[in-house]
Amino acid sequence: MLNVLRFLRQNPRITIGFALIGCMLLFWLIGNATIGTSKAVPISAPPDLPPSAHYPLGTDSAGRQLLPVLIAGVPLTLEVGLLAGGVGLLIGAVLGFTAGYFGGPIDAIIRTAADVILPIPALAVLVVIASTIHTLLSVEIMALVIASLAWMYPTRTIRAQVLTMRNRAFVDVGRLSGESHLAIIFRELMPNLLPYLAASFVGAVGAGILAGIGLEALGLGPQDKPTLGMTIFWAIYYGATLRGMWWWWGPPIVILVLVFLSLFLIAQGLDRYANPRLRQTV
Amino acid sequence: MSAAYVVRRVLLFFVVVWAATTFIFFLPKLAPGRNPIVERIGMMVATGGVNSAGMQSMVDAYEAKFGLNKPLWQQYLTYLGDLSHGDFGYSLMLYPTKVVDIILVSMPWTIGLLTVSTVIAFSLGTVLGGLLAWPRAPQAIQYLLPPLFMFSVVPYYLFGLILVYLLAFQFRVFPMSGNSQYGVVASFSPGFAADVVYHSILPALSIILASLGFWALGMRAMMVSISGEDYMLFADAKGLNARRIFLRYAMRNALLPQTTTLALSLGTILSGALLVEVVFSYAGMGAVLFRAVSGFDYFTIYGVVFFIIVGVAFATLVLDLVYPLLDPRIRYSKR
């Protein structure tokens with residue numbers, strides 16, 4: 001416990017990042033307990049009302065109350081990010097470790113695949129997939145679709161990290177003492193890369209959320225869920241900016257910016273932790 | 001730069017485009033039990049109140065017409081053949097306009113907006129980042145760091161929403177949407193050009209402000225690590241003037257990773273810019289895509305997506321070919 005505290009004090013960025021995420025989780029938990037999300041659906045209130053005592057964040061043109069929308073949207077957005085980032089990083093780690101550790105033809109195949117797919121703008125392919133399976137799209141499926149195009153960058157960077165470590169003495173010792181390949185990867189290589197993997201995970205979560213709200217802002221998100229991106233889509237669709245309805249699109253933007261800020265801070269803090277050379281300088 | 005490298009790189013471009021088009025052809029077909037024609041006609045039946053008695057024969061007729069009753073590999077070859085000479089079929093919403101015509105009209109707007117704002121953001125951000133990490137730069141510049149940091153985490157189009165509200169709705173300094181005065185015919189006159197620039201300032205500003213921090217922070221980190229290099233100390237000891245050290249020794253070397261980052265993030269930048277167009281109803285490919293998505297105009301969606309893929313792949317190719325010219329250490333050949 002004391003160790004955790006000291007770690008947090010020495011890494012203020014990570015602390016602030018986690019504190020921001022914590023605030024959002026609190027907002028969700030308290031909101032769920034007190035207000036609930038039942039009013040996050042259309043025609044649960046008169047439309048187009050500015051914030052008032054009765055409707056704390058106002059209502060949108062379809063008669064959704066916007067505070068419940070936010071309470072329902074925050075966990076959905078985080079879920080998309082965690083699922084897409086997690087699965088993307090998992091695929092990337094498996095491929096990256098395989099390619100970097102074994103080398104040879106497997107490496108060539110994985111590297112070429114990543115190089116060919118990396119320059120394809122993910123949003124373009126996601127738009128095609130999402131617009132064909134439109135009606136079947138749930139938050140989880142959307143996250144998995146995003147993950148299917150989020151593994152190339154982790155694969156490349158993890159492979160590069162493994163390559164620098166593959167021929168170090170401690171790996172050779174492991175090999176000579178008869179450890180299996182899996183044991184070497186999990187017991188010798190993985191622990192050394194943990195801070196690095198954690199930083200990539202946080203980066204992947206951010207990228208997943210970004211791709212998710214990008215799709216949703218085009219109207220391609222899950223139709224029946226009040227995600228933050230869909231809220232922004234409806235705000236654009238109904239011309240909320242042109243009508244001065246700041247309460248419609250403003251709060252989701254604030255929350256998204258806080259999410260991105262906290263992930264950015266955590267990733268930077270982890271980077272600094274993993275790479276001490278960065279620490280005293282910046 | 002060897003000829004073999006150029007050939008290999010150009011080859012990769014074609015492989016990328018082929019892989020992406022194959023991807024977007026087969027992926028939707030993997031979805032079980034879906035038939036876009038049945039859905040589309042079903043939609044028309046539902047909205048038009050037409051009776052649905054003859055629906056199945058209509059579906060069959062369309063499938064025969066579009067060749068959807070042929071085996072998949074044959075459809076795939078036809079699709080590749082059509083793409084290779086730029087035939088994307090007709091827009092479903094704006095029939096009988098061809099998809100390729102819609103795209104050709106909107107593409108210059110996107111390329112113009114994107115190129116200008118990215119060039120400004122990249123060069124300004126790079127210089128700012130360099131100065132931020134330069135001990136001899138004026139101290140006042142450090143005040144820019146927190147806002148740059150904040151802006152860099154905001155997606156372009158969300159920034160756009162805030163800017164529209166502030167600068168077009170609250171203070172009516174700039175127009176709210178569109179890319180020129182409504183109803184004015186496009187021409188090569190100074191007045192029209194000024195109008196276009198005036199309409200492009202807000203969308204461009206949201207891209208520039210939101211991406212400035214990204215380039216500045218990346219450059220700053222790079223400059224910091226370069227400041228510790230021995231050749232920097234040596235240049236200082238030789239008594240070179242500060243300007244020369246900054247430009248030729250520090251900036252020159254830090255610029256190379258920046259260029260790599262630019263090549264890697266082109267796809268993300270373009271996606272962001274397309275959504276900015278949606279926010280501003282700027283008549284580029286983003287707005288076309290938005291409309292096509294809302295109207296289930298599959299042919300237009302495919303066309304726009306194909307152009308996005310080719311565009312990004314091509315820009316990456318150009319950057320990759322320019323990169324070894326920037327950095328004499330890179331030869332891309334086996335010694």
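Begin by selecting chain B of this predicted model, which holds twelve helices and zero strands, so that reading along the sequence gives the pattern α-α-α-α-α-α-α-α-α-α-α-α. If you colour its 335 residues by burial, buried residues make up 34% of them. Now show the contacts within chain B between residues at least 6 apart in sequence, and you will find that 72% of these join residues at least 24 apart.

Next, select helix 9 of chain B, residues 230–237, and ask how many of its eight residues are buried. The count is zero, and helix 9 of chain B is therefore described as hardly covered, given that a residue needs 20 or more other C-beta atoms within 10 Å of its own to count as buried. Step just past the end of helix 9 of chain B and you reach B:Gly239, which takes a positive phi of about 85°.

Bring chain A into view as well, and look at where the two chains meet: 41 residues of chain B are in contact with 35 residues of chain A. On the side of chain B that touches chain A, the elements giving two or more residues include helix 1 (3–30), helix 8 (190–227) and helix 12 (298–326) of chain B. Sorted by class, this side of chain B has 36 nonpolar, four polar and one charged residues.

Which residues touch the most other members of the largest nonpolar core? Among its 159 residues they are A:Leu126, A:Val127 and B:Val305, while helix 3 of chain A, residues 66–102, gives the most to this core, with 17 residues. Centre the view on B:Val305, and, leaving aside residues up to four places away in sequence, you will see that it touches A:Ala124, A:Val127, A:Val128 and B:Ile24.

For the last stop, stay with chain A and select helix 4 (residues 104–117) together with helix 7 (residues 152–166), whose axes come within 9 Å and cross at roughly 135°. Because of that angle, helix 4 of chain A is oblique to helix 7 of chain A, and the crossing of helix 4 of chain A and helix 7 of chain A is left-handed. To see the contact itself, show A:Ile110, A:Ala114 and A:Ile117 from helix 4 of chain A, and then A:Met152, A:Thr155 and A:Arg156 from helix 7 of chain A. By class, this contact has four nonpolar, one polar and one charged residues.

Definitions and conventions: Residues numbered from 1 in each chain as written. Chains lettered and ligands numbered in written order. Predicted model: local features only at pLDDT ≥ 70, side-chain atom pairs only at ≥ 80, totals over all residues. Contact = placed C-beta atoms within 7 Å. Helix = DSSP H or I, 4+ residues; strand = E, 2+ residues; numbered from the N terminus. Nonpolar A, V, L, I, M, F, W, Y, C, P; charged D, E, K, R; others polar. Axes fitted to C-alpha atoms, helices over the stretch in contact; angles between N-to-C directions. Parallel < 35°, antiparallel > 145°, perpendicular 65-115°, else oblique. Left-handed = near helix turned anticlockwise from the far one by under 90°. Buried ≥ 20, exposed ≤ 12 C-beta atoms within 10 Å, placed from the backbone. Core = buried A, V, L, I, M, F, W, Y, C linked by C-beta atoms within 7 Å.
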